[in-house]
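Visitor: I'm new to this one. Can you walk me through it?

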Amino acid sequence: MTLFASTRDASLAVGFSVALMQGLAPDGGLFVPIEFPRLTPRDFNELEELPAIAARLLTPFVGTDPLTAALPQLTARAFAWPALLQPLDEHGRLHVLELFHGPTAAFKDFGAQFLAACFASLDSPPGRQLTILVATSGDTGAAVASAFFGRPDVEVAVLFPKGLVSPAQERQLTCWGGNVRSLAVRGTFDDCQRMVKSAFADAEFKSRRLLSSANSINLGRLLPQMAYFAAASLEVWRRYGEPASFIVPSGNLGNALACLWARAAGLPVGEVVLAHNANRTVPDYLETGAWRPRPSIATLASAMDVGDPSNAERLRELYPDFGALRGAISACSVRDEEIRARISAGYERYGQIWCPHTATAADAYERLPEARRAGHRWVIVSTAHPAKFPEIVAPLIGRAVPVPQSLAKLFAQSGSCVEIAPDLGALRGALKE
Ligand SMILES: *Cc1c(COP(=O)(O)O)cnc(C)c1O
């Protein structure tokens, strides 16, 4: 059975559901698998559907945990829509993996739905309500709200920086009501994150409620994300007998890490390229060997505006040796004007409409040396639907962006939120009401 240990203390081992409830390890580290299962493509023979592939992949990770028996139901709920692998050429050398067909049209729906399904299967301690706190710069909050909406035993508080998310994202964050509170914080995303962290450290807060987090530090979001990398790599493997190489639009490194974990578990994954926007912390690190986190800067690909990626600690744990790390991944940084140009070019050349995050990965692909491009089968990971960013995308392609039904439904609902000051007292007050 796989156990999970803190990145800061290998002797602190817990099972899956404990790691999931705690979110963060007690010593402040992040939970990582102590060892990886050794799977091969043959272990997935006859499995075609995403929920079945996910259940097969996650079974050795979940081990003898209380959640094991529920795994088929959990993956059925979390993978209730497809992760479509679309070829961009007739030889199958380049693909786009569309991860945006869920309820809020971003890849984060997969992890959020899985996490919510896990919490629903675990008994919460009597008398204390579970409160999920989420700080969001846009997509996470909507995915988590959608996943937990209507659950009477769970309260969700979504903190977002007032005026700093896109209009479409704001509508997705504020359209819920019921057990979901949308809090517009007069501050930045960093303020939101700081308020959540201080709530976790606050004795009065914790005496009344059972707090948990649904950010990508939580294993319950990270582990299921391996599944679509597994399914896509198996699809390429079955068709061509070659591994798939992925280009992952990256911010906090959760999605990239899930891809690396899938490779570590034996899936046929070749190269992994991290595509960052102008927030260069990771590309600079791989170039210089010096880890220099810095304040984030605002870009068009706003869900990746991260200057101090929280999952870097997991990345360094996976590859403690810097030389090995540089052999295992590569990274590049894409500027806003290059993102814009790539959105236009993607539409002209392939008829594809890409969100700014996906365009970042597409640009990273175009920059690869010809020999690397020709030597692998590539998959550009598409993390959000372009209709979430119409004010950026539409002018670049010269037409309106079609809105998928799930988003249209959310956009049609009236929104409400409470505006609060950027401090813990204000958060406490808002949650008491
Ligand atoms: C969150 C997000 C990312 C970045 O993913 P990480 O796991 O934080 O690296 C990329 N694109 C979109 C659309 C996102 O919402």
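Guide: Let's take the sheet, then the ligand. This is a predicted model, where local features need pLDDT of at least 70, side-chain atom pairs count only at pLDDT 80 or more, and totals for chains, interfaces and linings use all residues. Residues are numbered from 1 along each chain as its sequence is written, and side-chain values use heavy atoms, without hydrogens and water.

Visitor: What order do the strands of the open sheet have?

Guide: The order of the six strands is β4-β5-β13-β10-β11-β12, with mixed pairing. Strands are DSSP runs (E, at least two residues), numbered from the N terminus. Two of them pair if DSSP finds at least two bridges between them.

Visitor: Which strands stand at the edges?

Guide: β4 (84–87) and β12 (330–333). Each has a single partner strand, so one side of each is left without a neighbour in the sheet.

Visitor: And in what sense do β10 and β11 pair?

Guide: Parallel, over five bridges, between residues 244–249 of β10 and 269–276 of β11. V248 stands opposite L274 in β11.

Visitor: What lies 2.9 Å from an oxygen atom of the ligand?

Guide: A backbone N or O atom of L253 does. A polar backbone atom of N252 is also 2.9 Å from a ligand oxygen, and for N255 a backbone N or O atom lies 2.9 Å from one.

Visitor: How much of the ligand's accessible area does the protein cover?

Guide: 97% of the 390 Å² that the ligand has on its own (Shrake-Rupley method, 1.4 Å probe).

Note on methods. Helices (H or I, at least four residues) and strands (E, at least two) are DSSP runs, numbered from the N terminus. A polar contact is a pair of N or O atoms within 3.5 Å; within protein, one must be able to donate a hydrogen and the other to accept it, and residues adjacent in sequence count only if both atoms are side-chain atoms.
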